[in-house]
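Hi everyone, thanks for coming. Let's take a few minutes to walk through a structure together, so please have a look at the screen.

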Amino acid sequence: MFGKKKSASTNLRKVNHTPSIISEDVRLTGTLISQGEVQLDGRIDGDIKAEQLVIGSCGVVEGIVEAVGIVVKGTVIGSINASEVKIQSGAHVHGDVFHDSLSIDAGAVIEGNLKQRTEKETVELTAEPIETEVKTLIEEDDSGLSFVNKQATDKS
């Protein structure tokens, strides 16, 4: 009516440096995406993507967490994928942790695999043939017969 209708943009822009705070009495269901810092003291049933994420001691995430940096003081049920992961005392992580750097304080509970993202996933083949050892054993034998064949020839 007053001009062009603008479509809703799905691209988020970081407009300030104030962290988003999800307090203890808030429960969200769905995906949370932030290009800034998120302080989670409530519960999220879904995935989180954030630049920086701090899961407070009362915070709970049930889903996949992706961030550049993450500090876990509460509970994560699902995988964590971040460059820098800090799991502090009292935290509970039930899932795999993919990281570039990882610190775990005494008293933290982790049930899952820890995998450094910078590791090479290639398998190298050895150039040595396995046959060399077998050939050496056969060449040392006078008759050229194996143990089983010797027994069969002795009975004849």
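**Salt bridges and strands**

Let me start with Arg-43, which is partly exposed, with a relative accessible area of 24%. For these labels, buried means under 20% relative accessible area, exposed means over 50%, and partly exposed lies in between, using a 1.4 Å probe and protein chains only.

A quick word on where this comes from. This is a predicted model, so local features need pLDDT of at least 70 and side-chain atom pairs count only at pLDDT 80 or more, while totals for chains, interfaces and linings use all residues. Residues are numbered from 1 along each chain as its sequence is written, and side-chain values use heavy atoms, with hydrogens and water left out.

Back to Arg-43. Which residue does Arg-43 meet in a salt bridge? The partner is Glu-62, at 2.7 Å from N to O. By salt bridge I mean a side-chain nitrogen of Lys or Arg within 4 Å of a carboxyl oxygen of Asp or Glu. This pair links distant parts of the chain, with Arg-43 in strand 4 and Glu-62 in strand 6 (residues 60–62), 19 residues apart. Strands here are DSSP runs of E, at least two residues long, and helices are runs of H or I, at least four, numbered from the N terminus. Glu-62 is partly exposed too, at 37%.

Next, Arg-27 forms a salt bridge with Asp-45, with the closest N and O atoms 2.6 Å apart. Again distant parts are linked: Arg-27 is in strand 2 and Asp-45 is in strand 4, 18 residues apart. Arg-27 counts as exposed at 56% relative accessibility, whereas Asp-45 counts as buried at 17%. Together, Arg-27, Arg-43, Asp-45 and Glu-62 are linked in a network of salt bridges. The whole structure has 5 salt bridges.

Now the strands. Strand 3 (residues 32–40) and strand 5 (residues 48–55) run parallel, joined by 7 bridges; strands pair if DSSP finds at least two bridges between them. Strand 5 also runs parallel to strand 7 (residues 65–72), again with 7 bridges, and Ile-55 has Val-72 as its bridge partner.

Finally, the largest nonpolar core has 22 residues, and Leu-53 and Ile-55 are among those touching the most other members. Such a core is a set of buried Ala, Val, Leu, Ile, Met, Phe, Trp, Tyr and Cys residues joined through side-chain atoms within 4.5 Å. Strands 3, 5, 7 and 9 each supply at least two residues of this core.
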